[in-house]
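Walk me through the labels on this model.

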Amino acid sequence: MKEMHLIDAKIIRNEKIDHDIFAMELHAPEIAKTARAGQFIMVYLDKGELLLPRPISIYDTDCDAGTMKIIYQVVGKGTAVLSKLPFAQDVKILGALGNGFDIEALASDKPSHVAIVGGGIGIPPLYLLAKTLAARGVKIDVYMGFRNAASILMDILVNDLLPIANKNSIATEDGSAGYHGYVTGVLESQGAGIQYDEIFSCGPKLMLQAVANLAKRVNTPCQLCMEERMACGIGTCVGCVVKVGGNYVRVCTEGPVFRGDEVMCDG
């Protein structure tokens, strides 16, 4: 594991993009050059009772500009403070952390066809993956699930993922947009008959378990990016353990990406 140290990253952009969803762009060349899809950063607020950092997945990077982007949802005091940080302010971050998606297993001697499956705020970590795969000539089918039409992340869907995807499918639990039901339902109805080379997924635990079960039924390898509460992000506090292959491992260091046939999403 490479040595980690706190970085003072300058805020270039921090704005509301949809409902309670915010996008923050940071100047952090050291991270932008090395980050991989599926990895995350820890953001330090250093404000009174908010001493513990917040883990946030990396949405995108620009190596030439030395910038990276995160997309986060305001769900408590910490992210509320984060959403109010102004342009040009420095914020301390640690990263890039964790093990990202493994795309080296995809065959290099023939075109690959993969499915990317995301649920709600679990979709942003999948954009850098899609962008990286597309640059390698991989054919990508994207499946995205939301509670309802109002919760669809339009900035991500329209501006970013649509131009990359070979096929883009939406599911809403109440049927107000796209397929009526869970995203795994539309994946099964439209994609289970296709022999994907790999399925990549990020989102709620129950969705990840359904994706893993489907992948097993159709004999397709899959990778799951798990979301867990973290206090340190470097494996010290042991507060983000999940069961993998019969053992408990830390999401922040052994993950957040795991093989679908190993993870027990029982929470």
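Q: What makes the crossing of α3 and α4 left-handed or right-handed?
A: α3 passes α4 in a left-handed crossing. That label applies if the near helix is turned anticlockwise from the far one by less than a right angle; clockwise would be right-handed. The axes cross at roughly 35° and come within 9 Å. Axes are lines fitted to C-alpha atoms, for helices over the stretch in contact, with angles from 0 to 180 degrees between N-to-C directions.

This is a predicted model, in which local features need pLDDT of at least 70 and side-chain atom pairs 80 or more, while totals for chains, interfaces and linings use all residues. Residues are numbered from 1 along each chain as its sequence is written, and side-chain values use heavy atoms, without hydrogens or water.

Q: Which residues make the contact between α3 and α4?
A: From α3 come Tyr127, Ala130, Lys131 and Ala134. From α4 come Asp160, Leu161 and Ile164. Contact means heavy atoms within 4.5 Å.

Q: What makes β8 a mostly covered strand?
A: Of the 8 residues in β8 (139-146), 7 are buried. Buried is under 20% relative accessible area, exposed over 50%, partly exposed in between (1.4 Å probe, protein chains only). Strands are DSSP E runs of at least two residues, helices H or I runs of at least four, both numbered from the N terminus.

Q: How do you know that β8 pairs with β7 and with β9?
A: Pairing takes at least two DSSP bridges. β7 (113-119) and β8 share 7 bridges and run parallel. Histidine 113 stands opposite lysine 139 there. β8 and β9 (167-172) share 6 bridges, also in the parallel sense. Phenylalanine 146 has threonine 172 of β9 as its bridge partner.

Q: Which elements make β-α-β units with β8, and of what hand?
A: β7, α3 (125-135) and β8 make a right-handed unit. β8, α4 (154-164) and β9 make a right-handed unit too. With the strands pointing away from the viewer, the path over the helix from the first strand to the second runs clockwise in a right-handed crossover.

Q: What makes β10 and β15 edge strands?
A: The open sheet has 7 strands in the order β10-β9-β8-β7-β11-β12-β15, with mixed pairing. β10 (179-180) and β15 (257-259) each have a single partner strand, so one side of each lacks a neighbour in the sheet. Helix α6 (205-217) packs on the sheet and touches β7, β11 and β12. Its direction makes about 170° with that of β11.

Q: How many aromatic pairs are there, and why is that of phenylalanine 22 and tyrosine 72 called stacked?
A: There are 3 aromatic pairs. Phenylalanine 22 and tyrosine 72 lie 5.8 Å centre to centre, with 20° between the planes. Ring centres of Phe, Tyr or Trp (its six-membered ring) must lie within 6.5 Å; planes under 30 degrees apart count as stacked, over 60 as edge-to-face, the rest as tilted. Phenylalanine 22 sits in β2 (21-27) and tyrosine 72 in β5 (67-73), so the pair ties together parts 50 residues apart in sequence.

Q: Are these two residues buried or exposed?
A: Phenylalanine 22 is buried at 13% relative accessibility. Tyrosine 72 is buried at 3%.

Q: Why is the pair of phenylalanine 101 and phenylalanine 200 called edge-to-face?
A: The planes stand at 85° and the centres lie 5.6 Å apart, so edge-to-face is the label. Phenylalanine 101 is in the loop between β6 (90-97) and β7, and phenylalanine 200 in β11, 99 residues apart.
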